[in-house]
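Reader: Please take a close look at one part of this model, the open sheet and the aromatic pairs. Keep it brisk.

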Amino acid sequence: LKRANRLSEARNAELETAKASIEHNALHDSLTGLPNRRYLDEVLKRRTEWAIRNSGSLALLHIDLDGFKQINDTLGHAAGDAMLVHVAEVLASNIRVEDFAARVGGDEFVVVSGEGDEAALAAIANRIILRLREPVRFGDHWCRFGVSVGIASESGRRLDANRLMINADVALYRAKGRGRNRYEFFTSALQAEVSRSKRLADEIQQGLERHEFVPYFQPQFDAETLDVVGAEALARWRHPS
């Protein structure tokens with residue numbers, strides 16, 4: 001009975017270890033060891049609920065690597081994997097203990113922070129950018145890449161994790177559009193610009209469906225002979241307003 005009890009306890013310990021390993025693997029990225037998208041979603045849900053109850057803040061830093069594809073294309077995926085591991089280490093060493101970093105895609109990462117101060121969030125982003133500008137050794141090569149960061153934050157009862165993720169994504173693309181290797185905050189002005197762009201895109205789609213775009217042709221002349229040598233086509237929009 002004692003022997004059977006010992007065997008049973010050993011098997012239970014093995015099962016607990018296996019269960020813990022399975023749970024860890026389900027919630028973490030196998031390459032970098034960082035939490036994955038599933039774990040991020042769970043943390044966002046918990047922290048959003050806490051922030052709403054306690055009138056707290058929640059901020060997201062959406063991080064995307066610049067120039068990463070060239071490393072993969074020229075030095076191979078082993079070099080790319082080494083750079084991703086390096087990024088994970090930089091994130092872990094440059095965010096606060098209470099912050100949360102996850103890998104959510106190929107070369108995309110997200111940091112969740114309860115920090116509500118814009119200057120403090122900018123300082124975190126700036127540290128990450130500066131560290132990731134530094135060249136990284138891989139074999140006989142020095143790898144260089146940059147990083148763009150989009151930052152969005154909310155507080156109070158209106159806090160919405162899905163909207164926060166979208167806003168950080170919009171800010172990220174603004175950072176990329178302004179030259180990369182920098183950070184940008186999501187603002188109401190940026191929101192208005194995105195809304196205008198979306199509205200214009202919708203109107204263009206409707207204009208195409210209603211045949212509001214009409215081609216006009218302008219002749220092109222030879223300056224010396226005044227002969228017609230071609231034409232250029234213009235698309236004009238008969239917009240309702």
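**The sheet and its rings**

Author: 5 strands form an open sheet of mixed pairing, in the order β2-β3-β1-β6-β7. Strands are DSSP E runs of at least two residues, helices H or I runs of at least four, numbered from the N terminus. Two strands pair if DSSP finds at least two bridges between them. The edge strands, β2 (100-103) and β7 (183-185), each pair on one side only.

The model is predicted: local features need pLDDT of at least 70, side-chain atom pairs pLDDT 80 or more, while totals for chains, interfaces and linings use all residues. Residues are numbered from 1 along each chain as its sequence is written, and side-chain values use heavy atoms, without hydrogens and water.

β1 (residues 57-66) and β3 (residues 108-113) pair in the antiparallel sense over 6 bridges. There, His-62 stands opposite Val-110 in β3.

Now the rings. The count is 3 aromatic pairs. Rings of Phe, Tyr and Trp (its six-membered ring) pair if their centres lie within 6.5 Å; planes under 30 degrees apart count as stacked, over 60 as edge-to-face, the rest as tilted. Tyr-39 and Phe-100 have ring centres 5.2 Å apart and planes at 75 degrees, so this pair is edge-to-face. Tyr-39 is in helix α2 (residues 37-53) and Phe-100 in strand β2, 61 residues apart. Phe-100 is buried, at 10% relative accessible area; Tyr-39 is partly exposed, at 21%. Buried means under 20%, exposed over 50%, partly exposed in between (1.4 Å probe, protein chains only).
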